[in-house]
Amino acid sequence: MTPPPREPEERIEHPDLVVVPDGPLLVRGAASIQDAEGRVHEVVRPVVALCRCDKSSRLPWCDGTHKVIPR
Amino acid sequence: MMCPKPRGVLSEWVFDLLRELPERDAWRPGAAPTADGQEDAAIALWALHELSYGGFEDVDDRAEWEPAVLAVRRDLEDELESRLRERWAAYPSRTTPSPEEVPAALEALVAEDDGPSLADLVRRTADRDQVLELLRQRSVYHLKESDPATWVVPRLPVRAKAALMELQYDEYGDGDPNRLHSHMFARGLTAVGLRPEYGAYVDDALLETLEMNNAVSLLGLHRRLRGAAMGHLAAFEMTSSLPSRKMVQGLERLELGGAMAAYYDEHVEADAIHEQLALRDICGTLAEDEPDQSEDILFGAFTALDQECRFATRMLEVWDVAS
Ligand code: FES
């Protein structure tokens, strides 16, 4: 059975920067990112995940390593 | 692609029917024979689903919606779905989360997953032939990677729909055909000396490979199963980036780097993003907007993990490695 339609909302929250708890920072709509060494990385995706735990094997991007770090 | 090789009386019956359509379109084929076993049923269902993807050179395109064909497909799908649901029902740590708890419940389910890791073996010890065999099995899905989830797009509420498109856009290369994931895998197959054509290794597909493919097609093709399809997607993405990195290391160790390593390399970064989108923006909002989907989201995620575990266990047997 189809659920009843939701009331259309005025404006759905859709932030450009999203902090994932114990995870990366999601960044929407960036064209380039400068890392801690000053290197500039071109962005080709609509969303990227920037590592916040500093343990990624491919900084500045998150590679999922944060999940195996004991908290 | 031509119809695959039959693996028993049922698949033979189904493939004959497919090849004889539409000449036999007024023909009522009567009841299909009972399958000779799970592989027979699985290859039959795989081919029936394939009619909705790329079809076969030796089958009329209209076969996809032929009632006699749909009747067999439905029986096989019902059988598969009940098997998958029974496995979920038997899972000891099964939970029924409230809609708000869905993302956390998905994370817990993935964290508990303790199936064998093929990527670990590829990284450390697998030899070249073993890795090539794994890639042949993986090719059955990776050459149509993401396609089953695309069927779900029109069936989702606003927020989940936008998020799924954000994810799929990246899966499909962000507008660049060279970065389309299934195409990257095809180039990888060529680079390691395997056949890149879609469906090239279906006749070698293990039962577990076929079932894994049939499950994801089943979830993608039925609007009723949209929650399960999105849960499946989430679990898939959540268990991809770290193993993909190990695959890159293993491929390089075996001097199979290049285009195939590039495919896995792309997944390290992409799936670290996709897992966040799938978990919160797709599954989380879907559960909030359609609370009755919550349990199926978990069922779909469990199915993805369980199928990978069964596949990995079987591959270890094929590789003759004790788990
Ligand atoms: S935040 Fe994901 S690897 Fe650092």
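Reader: Starting with the second largest pocket: how does its lining split by class into nonpolar, polar and charged residues?

Author: This is a predicted model. The lining of that pocket has 13 nonpolar residues, four polar and eight charged ones.

Reader: And what volume does the second largest pocket have?

Author: The volume is about 470 Å³. There are 25 lining residues, and those closest to the centre of the pocket are Glu13(A), His14(A) and Arg28(A), together with Asp281(B) and Thr285(B).

Reader: Which helices and strands each supply at least two residues of that lining?

Author: From chain A, β1 (17–19) and β2 (25–28) do so, and from chain B, α8 (158–171) and α13 (259–289).

Reader: Which of them gives the most?

Author: α13(B) does, with seven residues in the lining of the second largest pocket.

Reader: Where does α13(B) lie relative to the strands of chain A?

Author: α13(B) lies across β2 and β5 of chain A. Its direction is at about 105° to β5(A).

Reader: OK, on to the sheet. What is the strand order?

Author: The order is β1-β2-β5 in chain A, an open sheet of three strands with antiparallel pairing. β1(A) and β5(A), the latter spanning 47–50, stand at the edges with a single partner strand each, so one side of each has no neighbour in the sheet. On average, neighbouring strands are turned by 20° against each other, direction ignored.

Reader: How many bridges join β1(A) to β2(A)?

Author: Three, with the two strands running antiparallel. Val19(A) has Leu25(A) as its bridge partner in β2(A), and Leu17(A) is partnered by Val27(A).

Reader: What about the hairpin those two make, which residue there takes a positive phi?

Author: Asp22(A), with phi near 55°. The hairpin of β1(A) and β2(A) has five residues between the strands.

Reader: Over how many bridges do β2(A) and β5(A) pair?

Author: Over four, in the antiparallel sense. Leu26(A) stands opposite Ala49(A), while Leu25(A) stands opposite Leu50(A).

Reader: What phi does Asp54(A) have?

Author: A positive one of about 70°, although Asp54(A) is not a glycine. Asp54(A) is also placed in the segment after β5 of chain A.

Reader: Is Asp54(A) buried or exposed?

Author: Exposed, because its relative accessibility is 59% and the cut-off for exposed is over 50%.

Reader: And Asp320(B), where is that?

Author: Asp320(B) is in the segment after α14 (294–319) of chain B. Asp320(B) is not a glycine either, and its phi is positive at about 65°. At 71% relative accessibility, Asp320(B) counts as exposed.

Key:
Residues numbered from 1 in each chain as written. Chains lettered and ligands numbered in written order. Predicted model: local features only at pLDDT ≥ 70, side-chain atom pairs only at ≥ 80, totals over all residues. Heavy atoms only, no water. 1 Å grid on protein atoms, 1.4 Å probe; cavity = no way out; pocket = protein on both sides within 12 Å on 5 of 7 lines; lining within 4 Å. Points joined across faces, edges and corners; volume = space filled by probe spheres on them. Nonpolar A, V, L, I, M, F, W, Y, C, P; charged D, E, K, R; others polar. Pairing = 2+ DSSP bridges. Axes fitted to C-alpha atoms, helices over the stretch in contact; angles between N-to-C directions. Contact = heavy atoms within 4.5 Å. Buried < 20%, exposed > 50% of the residue type's maximum accessible area, 1.4 Å probe, protein only.
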